[in-house]
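I opened my notebook today to get to know a new structure. Come along and look with me.

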Amino acid sequence: MNSDIADIRLAPAGEQKIQWAWRNMPVLQGIAEEFRKEKPFAGLRITASIHVEAKTACLARTLAAGGAQVALTGCNPLSTKDDVAAALVAGGMDVFCRHGVDAQTYTTHLEQALSIRPHIIIDDGGDLGALLHGRRRDLTKDLLGACEETTTGIHRMRILEKENRLLYPVLSINDARCKHLFDNRYGTGQSVFTAIMATTNLIIAGKAVVVAGFGMCGKGVAMRAKGLGARVIVTETDPVTACEALMEGYEVMTMSNAAAAGDIFITLTGCKDVITEDHFKRMKDGAILCNAGHFDVEINLNQLRALSVETGKVRDNIIGYRMPDGRMIYVLAEGRLVNLASGDGHPAEIMDMSFALQALGCRYVARKAGSLESRVHDMPTEIDTEVASRLLAARGRQIDRLTPAQDHYVNHWELDD
């Protein structure tokens with residue numbers, strides 16, 4: 001069997017996690033049942049680079065139920081759950097990931113997953129895309145298209161598109177309403193604080209929480225921080241978004257000013273060097289830093305290490321950095337995605353929506369084989385609506401529908417007589 005995992009003996013524990021997630025993902029369950037009958041991926045190969053944990057396993061098995069050969073790898077070395085990877089391998093899937101691997105091994109795993117010469121890829125952050133547009137352009141020959149999960153990944157793909165260098169069609173899962181309105185906002189908001197509280201065993205109420213970046217993920221984190229009783233400070237580079245944060249009742253200031261005021265710092269910008277040497281020098285003793293953006297570049301840990309006179313583990317997933325004046329600064333999960341590297345990620349019900357979009361997005365790419373241009377495509381509205389309708393049905397909820405007269409009124413420019 002083709003795989004590189006930590007220990008196949010972990011499979012029973014991983015299977016238990018997968019089954020718990022599965023029972024709480026009714027939308028994906030329904031899609032999987034349809035896929036078993038339709039086999040939309042018969043004869044197709046799908047490579048997925050995504051956080052390898054229980055909910056992702058449910059997506060991978062749904063694709064396999066549709067007839068796909070699936071090769072799975074991680075998109076973050078610290079988010080891989082070794083027991084889940086083992087359970088998938090025990091079920092016959094090709095999986096290439098181990099928790100905590102170095103950068104070279106991580107890249108090797110990406111290439112191993114691509115070695116099946118996929119027809120469709122699922123990318124979470126664009127790492128597969130970076131390889132396919134770099135030294136592994138040879139593997140794009142059979143590629144029908146990609147589904148990209150994240151804001152960061154879509155940004156990278158749009159840069160390639162703008163430069164006329166994008167080699168295959170990319171479906172923007174991230175920009176679907178059923179993704180960014182729920183996954184980015186409610187999923188990130190809850191999972192970030194679940195991880196912070198479990199990792200630190202400290203209270204949020206009464207603290208100053210600095211949220212760097214007020215995109216949809218930042219909005220969710222700020223909302224949850226406020227709900228937990230924190231004083232919320234937002235830092236931004238976009239004036240309009242900063243005004244939005246201000247109107248929501250949050251304090252808005254530069255990171256230089258926020259550095260001295262914050263107790264907990266959470267970066268969600270998708271950019272590099274959001275917190276740097278100048279900021280570390282201003283921080284309080286005991287400041288806690290973590291990142292919920294895709295890559296571990298938002299907090300400049302090289303500068304923090306250079307400033308410190310002593311570093312060491314103080315608790316699982318917490319490294320302490322002692323400054324020359326004795327102050328301690330604590331970093332969670334090595335500056336990687338705190339909600340996955342130091343937690344279990346988004347709730348299953350949230351990922352039910354996101355992974356339903358991924359599954360139906362892959363089917364859309366398969367059905368459109370050869371007819372999609374090599375550019376970034378919006379998720380078709382009908383798929384977005386379908387996922388929402390499936391969720392409402394699973395929850396036993398009903399909504400109103402437009403009458404023919406109402407439909408005519410909102411969709412025609414002529415005024416009624």
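My first question: is glutamate 244 buried, partly exposed or exposed? I looked it up, and glutamate 244 is partly exposed, with a relative accessible area of 35%. A reminder to myself: this is a predicted model.

**Entry 1: salt bridges**

I stayed with glutamate 244 and found that it forms a salt bridge with lysine 219, with the closest N and O atoms 3.3 Å apart. I then checked where the two partners sit. Glutamate 244 is in helix 10 (residues 239–247) and lysine 219 is in helix 9 (residues 216–227), so the pair links distant parts of the chain, 25 residues apart.

How many salt bridges does the structure hold? I read off 27.

I picked out another one, between glutamate 38 and arginine 363, where the closest N and O atoms are 3.1 Å apart. Glutamate 38 belongs to helix 2 (residues 26–38) and arginine 363 to helix 15 (residues 348–367), so this pair ties together parts that are 325 residues apart in sequence.

The side chains of glutamate 277 and lysine 281 meet in a salt bridge of 3.3 Å, N to O. Both residues lie in helix 12 (residues 277–282), 4 residues apart, which is about one turn of the helix. Glutamate 277 counts as partly exposed at 30% relative accessibility, and lysine 281 counts as partly exposed at 48%.

I noted a network too: salt bridges link Glu111, Arg135, Arg136 and Asp138.

**Entry 2: a buried glutamate**

Which side chain of opposite charge is nearest to glutamate 148? I found arginine 156, 7.1 Å away. Glutamate 148 is buried yet has no salt bridge, because a salt bridge needs the nitrogen and oxygen within 4 Å. I placed glutamate 148 in strand 6 (residues 145–148).

I then searched for its polar partners. The side chain of glutamate 148 makes a polar contact of 2.8 Å with the side chain of threonine 150. A polar atom of the glutamate 148 side chain also lies 2.9 Å from the backbone nitrogen of glycine 125. Leaving aside neighbours within four places in sequence, I listed residues in contact with glutamate 148, among them Asp123, Asp124, Val170 and Asn174.

I turned to the nonpolar side chains. In soluble globular proteins, these tend to be buried together. Here the largest nonpolar core has 56 residues, and Phe41 and Val95 have the most contacts inside it. Helix 15 supplies the largest share of this core, 12 residues. A second, separate core has 25 residues, including Ala195 and Leu332.

I took a closer look at valine 95. Beyond its neighbours within four places in sequence, valine 95 is in contact with residues including Ile5, Leu72 and Leu88.

In what order do the 8 strands of the open sheet run? I wrote down 1-4-3-2-5-6-7-16, with parallel pairing. Strand 1 (3–4) and strand 16 (376–378) are the edge strands, each pairing on one side only.

I followed one pairing in detail. Strand 3 (residues 69–73) and strand 4 (residues 94–96) pair in the parallel sense over 3 bridges. Threonine 73 has phenylalanine 96, in strand 4, as its bridge partner.

How values were computed:
Residues numbered from 1 in each chain as written. Predicted model: local features only at pLDDT ≥ 70, side-chain atom pairs only at ≥ 80, totals over all residues. Heavy atoms only, no water. Helix = DSSP H or I, 4+ residues; strand = E, 2+ residues; numbered from the N terminus. Buried < 20%, exposed > 50% of the residue type's maximum accessible area, 1.4 Å probe, protein only. Lys, Arg positive; Asp, Glu negative; His and termini not counted. Polar contact = N/O pair within 3.5 Å; in protein donor to acceptor, adjacent residues only side chain to side chain. Contact = heavy atoms within 4.5 Å. Core = buried A, V, L, I, M, F, W, Y, C linked by side-chain atoms within 4.5 Å. Pairing = 2+ DSSP bridges.
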